[in-house]
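Reader: I would like to go through a model feature by feature. Please give the general idea each time, then the case at hand.

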Amino acid sequence: MKATKDAVILLNANDDFLFVGSKEEATAKIKERGTIDDIILTFSKGDEIDLFFLDRFSKEKQKVFIDVLERYLNDL
C-alpha cells in the first residue's frame, strides 16, 4: 500500500493499534496519553507502507486497522 499523504501509525508497547493520522494529530495523541512508550511508525507521501506488524493482530483487528488506514489516506 502506498502512502498518498504523510501518515503516522501509533501502536502501544503491547502492539495494540491506537491511532492513524497526521504528524500533528499523532503528537497531540501522545501528549494526551501522557506516555512515550508508544511505537511510532511514520510514512511520507509516496512511501510504501509495510504492514509487517499486522500478523500480531487477530483477523478482525487487521481488517479494522486496514479500513482505518485506507479511510485516512483517501480522506474518507
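Reader: In which element is confidence lowest, and in which is it highest?

Author: pLDDT is the predictor's confidence in each residue, from 0 to 100. Where pLDDT is low, the predicted coordinates should not be read in detail. The chain averages a pLDDT of 84, and 89% of the residues score at least 70. Confidence is lowest in strand β2 (residues 17-21), at a mean of 81, and highest in helix α2 (residues 59-73), at 89.

Reader: In what order do the elements of the chain run?

Author: Helices (H or I, at least four residues) and strands (E, at least two) are DSSP runs, numbered from the N terminus. The chain has two helices and three strands, and from the N terminus on they run β-β-α-β-α.

Reader: Is strand β1 mostly covered or mostly open?

Author: Buried means under 20% relative accessible area, exposed over 50%, and partly exposed in between (1.4 Å probe, protein chains only). In strand β1 (residues 7-11), five of its five residues are buried. A7, I9 and L11 lie on one side and V8 and L10 on the other, so both faces are covered. Over the whole chain of 76 residues, buried residues make up 34%.

Reader: Which residues does S22 touch?

Author: Contact means heavy atoms within 4.5 Å. Not counting residues up to four places away in sequence, S22 touches V8 and Y72. S22 is found in the loop between β2 and α1 (23-33), and it counts as buried because its relative accessible area is 15%. Among contacts in the chain between residues at least 6 apart in sequence, 62% join residues at least 24 apart.

Reader: What lies over the face of Y72?

Author: A charge sits over a ring if NZ of Lys or CZ of Arg is within 6 Å of the ring centre and within 35 degrees of the ring normal. K5 lies over the face of Y72, at 4.2 Å from the ring centre.

Reader: What does the side chain of Q62 reach?

Author: A polar contact is a pair of N or O atoms within 3.5 Å; within protein, one must be able to donate a hydrogen and the other to accept it, and residues adjacent in sequence count only if both atoms are side-chain atoms. The side chain of Q62, in helix α2, reaches the backbone oxygen of L54 at 2.9 Å. Q62 is buried because its relative accessibility is 16%.

Reader: Where is D50 found?

Author: D50 is in the loop between β3 and α2, and a polar atom of its side chain lies 3.0 Å from the backbone nitrogen of F52. D50 counts as partly exposed, at 45% relative accessibility. D50 and M1 are 49 residues apart in sequence and 7.4 Å apart in space, C-alpha to C-alpha.

Notes:
Residues are numbered from 1 along each chain as its sequence is written. This is a predicted model: local features need pLDDT of at least 70, side-chain atom pairs count only at pLDDT 80 or more; totals for chains, interfaces and linings use all residues. Side-chain values use heavy atoms; hydrogens and water are left out.
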